[in-house]
Amino acid sequence: MENVAILIGSHGGIGSALKRELTNHHSITETLCFSRNQGESKNIIDYKNEQSIIESAQYLKNNGVIPTLVIVASGLLYNSAQRPETQIKQYSAEWAQENYLINAIGPALIAKHFLPLMPRHRPIYFGILSAKVGSISDNELGGWHSYRASKAALNMMIKNLSIEWKRKNQESRIVGLHPGTVDTPLSKPFQRNVMPEKLFTPERAAKQLLHVLLQCPAENSGALLSWNGSIISP
C-alpha cells in the first residue's frame, strides 16, 4: 500500500531536514515538496495567493496522487526588518497581519485544499509546525505578541479541523507539532538561555517530529504535541 507524503515548506532548516527524513523513511513510498521558492520546487505555493494552493492541489489530483501524510513546515518569527515584539508599543497591524497570514491563515488554506485529497477509510496524518509559545496556559513571560497570538490561532484551527475531519475519517490525525529549539538561523538570536541538551540539530528535530506524528493515536487528533510526544495544554 502506497504512503505518499506531502511537505509544504521544504526550504527552511527544519523543512530541509524533514524533506531528507521523509525521503529516506522506510514507510514513505514517495515524497512531494511544495515551496514558495521557485528554485526549491516546481510546485509553488504562495499564501498570499490562494489560487497557487488550488493549482498545487489540482496538480496532485490530476496525477492521481492520494497523500496519506501532509506536513506544513512553514512559519514566521521574524525577518530582516522586524523582530518579535517585547512590548505592546512595538505592535503594528502590518506585522501582526503578516504573522497571521504565514502562521495561521496559510496552513488553514493548505488544509482546505489538501485534506480533501486524503483517504477517508485509512489512517491519515496531517501535521503543522506550531509552537509551545502559542499555549495560553503556558505563557508566563509575555511578549512576542504577534507570534504568540498567531500560533494560538493556529492551534485553535487545528482543533477545529480535527473535529470536522473526524466525521469524515475516524482514523484522521490532525495535530500541531512543537519542535523544541532547533539550531537553525531562525533560532540563533534566541539560543542564549537554551540548555545544550535541549538544542536540537535539524536532523534530530525532523526525526523526532516525524516519529511523534506517525505514532500519534487517533484520540489525540487536535492536540498540540511536543517533540517528545507529550500533549501541550492549550
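Gly13, Ile14, Ala17, Leu18, Arg20, Glu21 and Leu22 of helix H1 meet Pro202, Glu203, Ala206, Lys207, Leu209 and Leu210 of helix H5, where contact means heavy atoms within 4.5 Å. By class, this contact of H1 with H5 has eight nonpolar, one polar and four charged residues. In that division Ala, Val, Leu, Ile, Met, Phe, Trp, Tyr, Cys and Pro count as nonpolar, Asp, Glu, Lys and Arg as charged, and the others, Gly among them, as polar. The model is a predicted one, in which local features need pLDDT of at least 70 and side-chain atom pairs count only at pLDDT 80 or more, while totals for chains, interfaces and linings use all residues. Residues are numbered from 1 along each chain as its sequence is written, and side-chain values use heavy atoms, with hydrogens and water left out.

Helices (H or I, at least four residues) and strands (E, at least two) are DSSP runs, numbered from the N terminus. The axes of H1 (residues 13-24) and H5 (residues 202-214) come within 8 Å and cross at roughly 60 degrees. That makes H1 oblique to H5; angles under 35 degrees count as roughly parallel, over 145 as roughly antiparallel, 65 to 115 as roughly perpendicular and the rest as oblique. Axes are lines fitted to C-alpha atoms, for helices over the stretch in contact, and angles run from 0 to 180 degrees between N-to-C directions. H1 passes H5 in a right-handed crossing, a term used if the near helix is turned clockwise from the far one by less than a right angle, with anticlockwise giving left-handed.

Glu203 lies in H5 and Arg20 in H1, so the pair ties together parts that are 183 residues apart in sequence. A salt bridge is a side-chain nitrogen of Lys or Arg within 4 Å of a carboxyl oxygen of Asp or Glu, and by this rule the count comes to four.

The strands form an open sheet of seven, in the order S2-S1-S3-S4-S5-S8-S9, with mixed pairing. Its edge strands are S2 (30-34) and S9 (231-232), each pairing on one side only. Two strands pair if DSSP finds at least two bridges between them. Strand S8 (residues 224-226) and S9 run antiparallel and are joined by two bridges; Leu225 has Ile231 in S9 as its bridge partner. Helix H4 (residues 145-166) packs on the sheet, touching S4 (124-129), S5 (172-178) and S8, and its direction makes about 165 degrees with that of S5.

H4 also meets helix H3. The axes of H3 and H4 come within 8 Å and cross at roughly 15 degrees, which makes H3 roughly parallel to H4. Among the residues in this contact are Trp95, Tyr100 and Pro107 of H3 and Tyr147, Leu154 and Met157 of H4. The contact divides into 13 nonpolar, four polar and one charged.

On H3 (93-114), Leu109, Ile110, Lys112, His113 and Phe114 meet Glu50, Ile53, Ile54, Ser56, Ala57 and Leu60 of helix H2. The axes of H2 (residues 50-62) and H3 come within 9 Å and cross at roughly 35 degrees, in a right-handed crossing.

Arg122 is found in the loop between H3 and S4. Leaving aside its neighbours within four places in sequence, Arg122 is in contact with Met1, Glu2, Asn3, Thr68, Asn169 and Glu171. Arg122 and Thr68 are 54 residues apart in sequence and 8.4 Å apart in space, C-alpha to C-alpha.
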